[in-house]
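Open your viewer and get ready to select residues by number. We will go from stop to stop, and at each one you will hear what to look for.

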Amino acid sequence: MDISTFDDLLAAARAQPQPQRLLMVFATAELPDGATAAQRAEFEAGAGGALVPAACVDKSPDELSTFEALVQEAGQFALDWRMVFVAALSGSTQTAPGSAEVVGALQTMVERIKLGDIGRYLAFDRQGRAIQLG
């Protein structure tokens, strides 16, 4: 299945035979210490910088109607997020993943993102479009 938008991901998650939890880590961008003048200019133009996990949340696909609903909810936290990383956690035998499993998976996501290990996650921009990094 081709996932080019967050809403495509929602549809795919809803179609799975087992209950799903969508794990989301919102990332901001920061200018690294010792940035060059060129890096500063790029950052000021809205590009570049280091991705930093700022907030995380998990939702079932049924708890989100659209990407816009997620954006509105994220706005309550006043985050200036640049992108959201998403992974799906599948349940088993019609049982959704438990809270301990979800918390552990979110903590792992945050740590991997901090280390730059982002290839295993889907990433979406603020308009809900899938983006390729790296």
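This is a predicted model: local features need pLDDT of at least 70, side-chain atom pairs count only at pLDDT 80 or more; totals for chains, interfaces and linings use all residues.

Residues are numbered from 1 along each chain as its sequence is written, and side-chain values use heavy atoms, with hydrogens and water left out.

**Stop 1: helix α1**

Select residues 6-14, which form helix α1. Helices (H or I, at least four residues) and strands (E, at least two) are DSSP runs, numbered from the N terminus. Now colour Phe6, Leu9, Leu10, Ala12 and Ala13, the buried residues of α1. Buried means under 20% relative accessible area, exposed over 50%, and partly exposed in between (1.4 Å probe, protein chains only). These residues lie on the same side of α1 because they cover an arc of only 165 degrees around the axis, taken from the directions from the helix axis to the C-beta atoms.

What covers them? Show β1 (20-30), α3 (67-75), β3 (83-90) and β4 (122-124), which are among the elements covering the buried residues of α1. Contact here means heavy atoms within 4.5 Å.

**Stop 2: salt bridges**

The structure holds 8 salt bridges; each is a side-chain nitrogen of Lys or Arg within 4 Å of a carboxyl oxygen of Asp or Glu. Select arginine 14 and aspartate 62, whose closest N and O atoms are 3.8 Å apart. This pair links distant parts of the chain, 48 residues apart: arginine 14 sits in helix α1, and aspartate 62 in the loop between β2 (50-59) and α3. Arginine 14 is partly exposed at 38%, whereas aspartate 62 is exposed at 66%.

Next, pick arginine 129 and aspartate 125, which meet in a salt bridge at 2.8 Å, N to O. Aspartate 125 is buried, with 12% relative accessibility, while arginine 129 is partly exposed at 44%.

**Stop 3: the largest pocket**

Which residues line the largest pocket? Select Ile3, Ile118, Gly119, Tyr121, Leu122, Ala123, Ala130, Ile131, Gln132 and Leu133. On a 1 Å grid over the protein atoms alone, a pocket is an open set of points where a 1.4 Å probe fits, with protein on both sides within 12 Å along at least five of seven lines; lining residues have an atom within 4 Å of a point. β4 and β5 (130-131) each supply at least two residues of this lining.
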